[in-house]
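Hi everyone, thanks for coming. Let's take a few minutes to walk through a structure together.

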Amino acid sequence: MAVPTYDRFIEPILRFLATRPDGVPAREAHEAAADSLLLTESDRELSLPTGQATYKNRAGWAHDRLKRAGYSASPKHGIWCLTEAGRKFVSDNPAPLSALQVEALARNYLDVKLKPEAPSPTGPPVSDGQPDSVQSPDDRLQTALAEIRASVSSELLDLLLQVSPKYFETVVLDLLHRLGYGTSRNDLQRVGGSGDGGIDGVISLDRLGLEKVYVQAKRWQSVVGRPEIQGFYGALAGQRANKGVFLTTSSFSAQAVEFARSVERIVLVDGTTLASLMMDHEVGVSSQTIRLPKIDSDYFDE
């Protein structure tokens, strides 16, 4: 059988999350929905051109629609749970949803802009976007691109939280090399481990290694505070280093940002920026080229 369209995943995910009031990792919801839809192993092996499993992609879009309706949220990266409004919706609709209800969830909230924080548990957030019906094709294309990037960004951060700390440090060095640091990949070395002095990686900016950038990578969900940045600053001083990059899958407190600015030689990269850079430089991400036809007016000038 073919993998169902994403709207068919909405109810299985909704019902599964209703049985897990404390929330669950997204991967458990993926599998529960696949089980509910009786997907075979061969169905689950089907993938998109990007390499992502098709059923996981469609489960992700189904959850996106539930979030836009105000019925679900992601209180932490990779964790899905119903909001109070979502639990009430399930309670009010114990029987299978009608085709009209599913269609409403799939289509009626497309103009709802998701905020970085979890949606309000009291209901859907207020829309501040244009309805699809008044958007031009170019506008819709840009909206779709932004929606896809937001989805891929969220999935990237989920995946980074699942890999080992050692592999996360390797990913970070791969990204920094794609950004142009180091003449070759061998100029970027992972040094994380016990006794690392707060340094996870070292980048040699020249062949002789006379100029170096030191890296710390934190695979965290909680906010990185000033003490962690001060500790990194101390580690840089211990290495007599002038440049440091601190990357995290989460975010930085205002005090951490202020301290980094005051010492000048530390650059902070939060989870949102990290995911965006990975997409832009295709680290763990592949891209598709879409050919858009446009009239060449110069060709028709006589």
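Before we start, contact here means heavy atoms within 4.5 Å. Helices (H or I, at least four residues) and strands (E, at least two) are DSSP runs, numbered from the N terminus, and residues are numbered from 1 along each chain as its sequence is written. This is a predicted model, where local features need pLDDT of at least 70, side-chain atom pairs count only at pLDDT 80 or more, and totals for chains, interfaces and linings use all residues.

pLDDT is the predictor's confidence in each residue, from 0 to 100. The protein chain averages 83, and 85% of the residues score at least 70. Over residues 116-134, though, pLDDT stays under 50.

Now to helix 6, residues 99-107. Its buried residues (under 20% relative accessible area, 1.4 Å probe, protein chains only) are Val102, Leu105 and Ala106. They cover an arc of only 100° around the axis, taking directions from the helix axis to the C-beta atoms, so they sit on the same side of helix 6. The face turned away from that side carries Leu100 and Arg107, which are exposed, meaning over 50%.

What do the buried residues of helix 6 pack against? Helix 1 (7-18), helix 4 (54-68) and helix 5 (84-92). Leu105 touches, among others, Ile10, Leu66 and Phe89.

Leu105 also belongs to the largest nonpolar core: buried Ala, Val, Leu, Ile, Met, Phe, Trp, Tyr and Cys residues joined through side-chain atoms within 4.5 Å. Of its 31 residues, Phe9, Ile13 and Leu105 touch the most other members. Helix 1 gives the most to this core, with six residues.

Methods: Side-chain values use heavy atoms; hydrogens and water are left out. Lists of a residue's contacts leave out its neighbours within four places in sequence.
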